[in-house]
Amino acid sequence: MAELYDRYAALVYSVALRVLADTGAAEDVLQEVFMQLWRHPASFDARRGSLGPWLAVIARHRAIDALRKRRPQTDLEDVVIAIEADLEGAAEGSRAVEKVRASLHDMPDKQRIALEMAFFAGMTHTEIAAETGEPLGTVKTRIRAALLALRRALNT
Amino acid sequence: MTTHEQFAEDLALYALGTLEGEAAVALDLHLEQCAACRQELARLQGDMALLALTTSGPAPPQRARQRLLKAIGHEPRSLRTVFLRRRWWTLAPVYASLVLAIFAILLWRENARQRDRIEALKADATQNQATFEEAKHLVALLTDPSAMHVTLVAAQSKPQPAGKAIYMPSNGALVFMASNLAPLRPQKTYELWLMPMYGDKPMPAGMFKPDPSGNATVMMPPMSPGVEARTFAVTIEPEGGSPTPTMPMVLVGS
């Protein structure tokens, strides 16, 4: 477990910190994610994707739950991750992250903001529409288009 | 618009965990039946993971690590191999070794049980062998012409022909020993008869010829079990025996 922690704690912590903007709360999420992995090792299945991306998504879900002060909404076993690009090696991983960052940088601001509000703030499309004053349909479309843009960035 | 297109935007919200109400319920139901949408959901979660991977920041404090390891120490649990990025078949040799190990233990136990059984059978066989040897010595003693036979009679009386039959009606076992028998003429034999208790005619119980000292033995002739004997008698018969005793009787039970 210590080995897994040393490998993935920084990732889990940075996702939680980005969502919560509070080191104490992020530490709690970090603890919770690894304790869940410890208690329910079977909830992560290699067929569901590799462990790093899976932990990153679980960390995001748990951080949003903490942010919204609600009980966990997502079942660990429902998180199945498919990434076609190879992220296994350190070099491949960091190259992929660079591509995704570039893609975020290049996408229209409104698209990126909608995605970040949904992903890092856990806002619903209704809340985002209210905040930005844009139609619901537009918000939905933007969020999906932004996610697809990230996927495309890896395949170029 | 196909069903998949209709659900496409909802799928992204669903992956983010922000789809609510009826739309979420409808998509839940659809996902149960639609492998294509499940696959697309997995891809969208992959896209989310990519976004999560772009975050960077300070490393978690050292105390977080200690806190986790301490908490784990309070909940000892073996780490399963699923943590490792392995496919099931990479564990096949491990499973195979486990199965072999279990099989080996079962075989070893069976072997031990069989060994115990063999030991028990050996002990039985040794016992049987001892009993058998004893019986063989007894029979050899009774039947060996070189064995010394001494008939004890009342002092100052002349030894007379005599016989002793030991018979067990329940299984038809019979041993007969005679002494001081007169030598036979050629083509003659002594024959032992069982005189049944209940009126039937005498039954042949073996032929015998005495040794030069006049001793003779009949060991376990073929007899039907369950015949009650009133007494036994000995006659002289032509070689090969007779269906009925020929008078006079040489010996008869008292």
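In chain B, four strands form an open sheet in the order β4-β3-β6-β7, with antiparallel pairing, where two strands are taken to pair if DSSP finds at least two bridges between them, and where helices (H or I, at least four residues) and strands (E, at least two) are DSSP runs numbered from the N terminus. The model is predicted, and local features therefore need pLDDT of at least 70, side-chain atom pairs count only at pLDDT 80 or more, and totals for chains, interfaces and linings use all residues. Residues are numbered from 1 along each chain as its sequence is written, while chains are lettered from A and ligands numbered from 1 in the order in which they are written.

The edges of the four-stranded sheet are β4 (203-208) and β7 (249-252) of chain B, each of which pairs on one side only. Its neighbouring strands are turned by 25 degrees against each other on average, direction ignored; axes are lines fitted to C-alpha atoms, for helices over the stretch in contact, and angles run from 0 to 180 degrees between N-to-C directions. Strand β6 (residues 229-238) of chain B pairs with β7(B) in the antiparallel sense over three bridges, and Ala233(B) has Val252(B) in β7(B) as its bridge partner.

An open sheet of three strands, also antiparallel in its pairing, has the order β1-β2-β5 in chain B, with β1 (162-168) and β5 (216-219) of chain B as edge strands that each pair on one side only. Four bridges join β2 (residues 173-179) of chain B to β5(B) in the antiparallel sense, and Ala178(B) stands opposite Ala216(B) in β5(B). Helix α5 (residues 92-143) of chain B packs on the sheet and touches β2 and β5 of chain B, its direction making about 145 degrees with that of β5(B).

Chain A comprises seven helices and zero strands, and buried residues, defined by 20 or more other C-beta atoms within 10 Å of their own, with C-beta atoms placed from the backbone, make up 42% of its 156 residues. Between the chains, 43 residues of chain B are in contact with 57 residues of chain A, a contact requiring that the C-beta atoms, placed from the backbone, lie within 7 Å. On the side of chain B that touches chain A, α1 (3-16), α3 (35-53) and α4 (62-74) of chain B each supply at least two residues, and the largest share, 13 residues, comes from α3(B).

Technical notes
Contact = placed C-beta atoms within 7 Å. Buried ≥ 20, exposed ≤ 12 C-beta atoms within 10 Å, placed from the backbone.
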